[in-house]
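These are my notebook entries on a structure that I had not looked at before.

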Amino acid sequence: MMQLNALITVLLGASGVALAHANDNHRKSSWEKHRQSSSSTAKSSSSSSSSASAAPSLTAAVTYSTNNANATLPLRGGPDLVYAGNYGVPPIDASSPQPTPLQFNASQIALFAQHQIDGIITSSAFEGNCSKCIAGVTVAKFLALSHPEEIPTLLQNTCKKYAFATDEKCEKQYASDELGPYIAQVLARMDVATDDMQLFCAQQLGGYCTLPAPIAIDESAWFAKPKPSNAVEPQGSGETIRVVHLSDSHYDPRYVVGSEGNCTDAGMCCRPDSFNVNNPAAASPNASPLAPAARYGNFGCDTPGELMLSMFDHMQPYLANASFSIFTGDITSHDKAWQLSRAYQKYDEWMTLKTFKAQMGNVPMYPALGNHDSFPSDQNTPFWWGEGQNMTESEFQWEYDFYADLWKENEWIDEETAAEAKKHYAAFSTVTKQGLKIITINTDFWYKNNYFNYVNTTNPDSSGMLRFLTDELQAAEDASQRVWIVGHVPSGYDGSNPVLNAPNLFYSIVQRFSPHVIAATFFGHTHRDMFNVYYDAPTPKKTTEFVAGSWNTSDPLMTAWIGKSLVPLGGLNGGWRYYDVDAKSFSIMDAHNFYGNVSEAVNDNPVPWTYLYSSRETYDPNGTWPTDAPLNATFWDRVSREMEADATGALIEKYNFFETAGSVRTPKCVTEACRQQKICYMRSGCAVQGLACGNKNGPN
């Protein structure tokens with residue numbers, strides 16, 4: 001109750017302002033001036049009214065009943081004290097003059113909101129940071145409802161005052177021509193009753209709240225049909241096709257050869273303005289950088305054109321026999337938010353996808369959107385977002401139209417599929433010439449940095465994306481088709497990327513349609529070579545009770561293959577892979593991984609591209625796994641158990657080294673805590689599981 005009263009106090013206005021800022025002399029002075037001005041205005045107004053017409057006198061004569069017929073005691077000339085409301089007693093519904101409502105303009109209300117948030121942050125009336133965070137977001141919500149144009153300034157000021165980021169980032173990222181107006185929309189629609197604000201404070205505002213409990217998935221209501229009793233992985237044909245997997249290209253057309261590749265500023269390195277504060281000559285206009293950006297790439301930068309072209313040049317012999325390719329998203333460079341624009345987004349995407357087409361020739365590509373394939377980066381709205389707001393279409397519809405038309409122009413999808421993509425956030429389903437059904441999904445709708453995912457958070461499919469996926473899988477089951485699911489942000493692994501509830505529903509979908517329909521799932525985003533296993537669950541399934549190591553891992557069902565990036569940013573080598581895929585079951589028989597050694601990219605030296613490893617040969621060196629058996633969930637679950645049993649840690653260290661495509665900067669994973677953490681991640685198919693894995697220290 002104390003917290004509720006405190007929130008009521010700050011929401012009601014001036015009293016809360018005064019309490020929170022008793023020592024703010026400047027503001028007090030301003031308020032006094034405003035009060036005196038108002039008082040003077042009132043006096044002036046009163047004087048004017050008096051001159052126009054006489055005000056009614058408080059002693060004006062009135063006429064009431066003086067009938068003394070009901071009196072039983074002497075009145076002595078006084079009025080009759082009546083009963084039962086008779087003789088002129090005013091009725092109970094008589095109206096009275098009301099005070100004039102206070103009127104505040106937008107800037108005044110915004111100032112009040114800022115002071116309320118400041119008061120909440122400094123107040124002792126709220127129990128803990130979570131209560132303060134939710135209360136502050138609530139204040140911002142009502143400002144967003146009444147004066148959304150004031151939200152960017154509120155965000156900028158609060159960000160700077162409490163050092164949530166650098167002043168430059170606060171000022172530019174939340175400006176009215178950047179993310180500010182988008183966040184205003186989100187704030188206006190947030191609802192504390194659906195855990196929106198708690199989740200927002202947990203995942204976006206410094207972890208001030210703990211994560212809310214995930215909801216239970218009502219599978220009986222979600223699925224049209226129960227899982228068939230004979231749901232088993234189909235037998236293979238013994239013949240294979242080749243499929244190429246690319247991910248996270250992040251082509252940087254602003255890359256400057258010779259610029260600082262080891263910058264200390266908050267932006268991208270390898271740019272004209274990149275600098276390192278530890279460089280003694282940094283202030284000189286012609287200073288030599290500490291780590292000059294090489295033509296073929298740098299560990300601290302996005303992908304220069306020559307690195308991407310060198311990969312495709314190396315890839316040519318392998319493309320000759322490729323049936324098709326998949327791309328698990330992310331093309332645009334990692335620029336600061338205020339350095340991006342819709343024009344730049346289109347330019348980078350067009351240049352990259354046209355390069356893909358030219359280099360890969362007639363090999364079809366089936367791409368999924370990544371979080372950096374949106375503008376603003378990470379953002380996408382559900383189609384219902386503009387209902388009742390005079391919006392004729394989604395503010396991101398241009399994006400879906402752009403990609404669908406470009407993919408069609410590249411002859412990767414047909415007219416009908418392009419039309420489907422425009423209706424489903426650039427997600428689509430198609431059937432390859434070989435008979436495999438591919439379903440791509442837009443994983444921005446479970447990505448935590450998509451602010452629009454913090455509205456209606458207890459609905460695991462607010463966008464309808466997972467309904468689209470489920471319906472397509474049901475149609476595939478009815479037609480006895482095999483399916484690959486292609487997305488970008490992993491649903492699980494360490495759990496650091498998604499929001500909570502949508503990945504839980506995705507896990508249920510994978511369980512329902514595996515292993516008889518879904519042959520494999522594919523993601524990118526992490527820039528690392530990884531995998532995770534999805535397991536069946538006992539009945540009844542308790543999706544809200546994931547505790548580290550406690551969920552069922554006895555029945556492996558499906559594997560997520562997380563593709564290595566081309567981009568070297570973060571101390572990684574560039575990488576790509578191709579799969580040997582059974583031509584009938586479309587199960588993966590082996591994965592062949594290649595890397596470009598960026599550490600050898602010095603000056604104009606080209607990056608050497610080399611074969612790194614075979615998944616089958618590396619993780620089954622003694623050939624104990626049947627040669628005709630695919631590298632399915634059972635295989636990868638076995639690998640995780642062998643890692644667990646390996647007292648030397650050699651096997652998991654090999655996995656750790658391959659994560660970065662053999663980078664010389666790969667951190668070691670030699671402690672027991674690190675090994676157990678990675679194994680836990682491998683067995684985590686949703687965010688709740690990954691987050692339950694505990695120790696977050698990572699490789700050490």
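How many salt bridges does a search of the whole structure find? I take a salt bridge to be a side-chain nitrogen of Lys or Arg within 4 Å of a carboxyl oxygen of Asp or Glu. The search of the whole structure finds 23 of them.

Before going on, I note that this is a predicted model, in which local features need pLDDT of at least 70, side-chain atom pairs count only at pLDDT 80 or more, and totals for chains, interfaces and linings use all residues. Residues are numbered from 1 along each chain as its sequence is written, and side-chain values use heavy atoms, with hydrogens and water left out.

**Entry 1: salt bridges**

I looked up E472 and found a salt bridge with K437, the closest N and O atoms being 2.8 Å apart. E472 belongs to helix 15 (residues 465–478) and K437 to strand 5 (residues 437–440), so this pair ties together parts that are 35 residues apart in sequence. For helices I use DSSP runs of H or I with at least four residues, and for strands runs of E with at least two, numbered from the N terminus. Are E472 and K437 buried or exposed? Both are buried; the term means under 20% relative accessible area, while exposed means over 50% and partly exposed lies in between (1.4 Å probe, protein chains only).

I then turned to D637, which forms a salt bridge with R641 at 2.9 Å between the closest N and O atoms. The two are four residues apart in helix 18 (residues 633–645), which puts about one helical turn between them. An α-helix has 3.6 residues a turn, so residues three or four places apart point the same way. D637 counts as buried at 8% relative accessibility, whereas R641 is partly exposed at 33%. I also recorded that salt bridges with shared partners join D252, R254, R271 and D335 into one network.

A further pair is E415 and K408, with closest N and O atoms 3.4 Å apart. E415 is exposed, at 55% relative accessibility, and K408 is partly exposed, at 28%.

I found an open sheet of six strands in the order 4-5-6-7-9-8, with mixed pairing. Strand 4 (429–431) and strand 8 (530–535) stand at the edges with a single partner strand each, so one side of each has no neighbour in the sheet. Two strands count as a pair if DSSP finds at least two bridges between them. Strand 7 (residues 518–523) and strand 9 (residues 556–562) run parallel and are joined by three bridges; F522 has W561 in strand 9 as its bridge partner.

Next I examined strand 11 (residues 588–596). Nine of its nine residues are buried, so it is largely enclosed by the rest of the structure. Eight bridges join strand 10 (residues 574–582) to strand 11 in an antiparallel arrangement, and D580 stands opposite D590 in strand 11. In the hairpin of strand 10 and strand 11, with five residues between the strands, F586 takes a positive phi near 60 degrees. Strand 11 is also antiparallel to strand 12 (residues 609–614), through five bridges. There, N593 stands opposite Y613 in strand 12.
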